[in-house]
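Thanks for asking me to look this one over.

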Amino acid sequence: MPIEISTFSIFVIAVLVFALILIFMGVKSVPQGMQYTVERFGRYTKTLTPGLNLIVPVIDKIGAEMNMMETVMDVPSQEVITKDNAVVQVDGVVFFQVLDAANAAYQVRNLERAILNLTMTNVRTVMGSMDLDELLSKRDKINAELLRVVDDATEPWGVKVTRIEIKDITPPADLVDSMARQMKAEREKRATILEAEGERQGQILKAEGAKQAAVLEAEGRREAAFKDAEAREREAEAEAKATTMVSSAISEGDVNAINYFVAQKYVDALGQFANSPNQKTFFLPVDAAGVIGAIGGIAEIAKDSLAEREAKKEERRRGPWDGEGSAG
């Protein structure tokens with residue numbers, strides 16, 4: 001038996017299907033890292049953030065889907081003429097991030113192309129105002145200057161340029177050869193200067209060593225002179241003391257003392273004469289009687305000294321009581 005569907009039922013079903021379609025059209029899911037702009041009759045109204053969002057179906061529509069994550073873009077190689085008219089090949093990379101989806105969508109057409117062309121133009125401007133040597137040695141300065149200029153220019157677009165890096169700076173081949181020869185000459189010059197400086201330092205150190213050696217030698221001679229003078233002084237003191245003792249002995253009437261003194265001087269003179277390196281003729285006896293007499297005087301002095309010493313020993317051995325007993 002066929003089922004009859006009334007006109008009203010068809011209308012209700014149509015309304016439900018239309019409502020479901022409107023609901024699906026009004027619900028928008030935005031993924032993380034993205035933002036959607038909403039247009040109403042072609043005019044921007046709001047921005048949808050990541051998550052589930054609702055819009056008015058038919059009236060509102062999604063205008064632009066903007067990537068809010070940081071993006072890296074290659075800057076193609078280009079020729080740059082430096083301040084000193086050297087032609088170099090330069091390439092790099094630029095990092096940027098969209099902060100305002102509405103401005104990025106409606107303030108500039110083709111955002112990435114605009115940023116790329118702006119960067120390439122300012123690379124030529126900044127690097128063209130520098131000499132080649134400055135260009136090759138101050139890459140950090142170039143990066144900082146490019147970042148400042150490009151970031152200021154893209155700020156109205158709702159974009160933040162985070163970094164600009166120059167990857168390669170390639171001078172012409174003939175210029176590279178000239179730079180290599182210049183660097184080699186500079187290094188040879190430095191090596192020659194360092195070698196000369198080393199020789200100079202060595203001469204100075206050698207002179208300082210000779211000076212120190214001379215000073216130490218002079219101090220040694222002075223110290224030796226002091227020691228010799230002190231030894232001569234001690235010898236003179238001993239000689240004076242011996243002379244004083246001999247003089248005392250002579251004054252006490254001991255003639256053998258003068259014989260000992262003269263004999264000692266006589267024998268010393270003979271020894272010095274015998275040790276002299278000069279050619280000499282020596283006849284013996286040399287006043288042998290005088291020498292023998294002097295030796296005899298020495299023997300008499302020794303005998304008197306021994307007798308006096310024995311007498312003192314005997315006196316100490318007997319003691320004071322022996323004298324008293326003899327007296328009694």
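1. Asp151 and Lys160 form a salt bridge, with their closest N and O atoms 3.0 Å apart; the term means a side-chain nitrogen of Lys or Arg within 4 Å of a carboxyl oxygen of Asp or Glu. Asp151 counts as buried at 15% relative accessibility, while Lys160, at 36%, counts as partly exposed. Here buried is under 20% relative accessible area, exposed is over 50%, and partly exposed lies in between (1.4 Å probe, protein chains only).

2. A word on the source: this is a predicted model, where local features need pLDDT of at least 70, side-chain atom pairs count only at pLDDT 80 or more, and totals for chains, interfaces and linings use all residues. Residues are numbered from 1 along each chain as its sequence is written, and side-chain values use heavy atoms, leaving out hydrogens and water.

3. The whole structure has nine salt bridges. One of them links Glu197 to Arg200 (3.0 Å, N to O); these two are three residues apart in helix H6 (residues 173-251), so about one helical turn separates them. Helices are DSSP runs of H or I, at least four residues, and strands are runs of E, at least two, numbered from the N terminus.

4. Also in helix H6, Glu217 and Arg221 lie four residues apart and form a salt bridge at 3.3 Å between the closest N and O atoms. Arg221 counts as exposed, at 51% relative accessibility.
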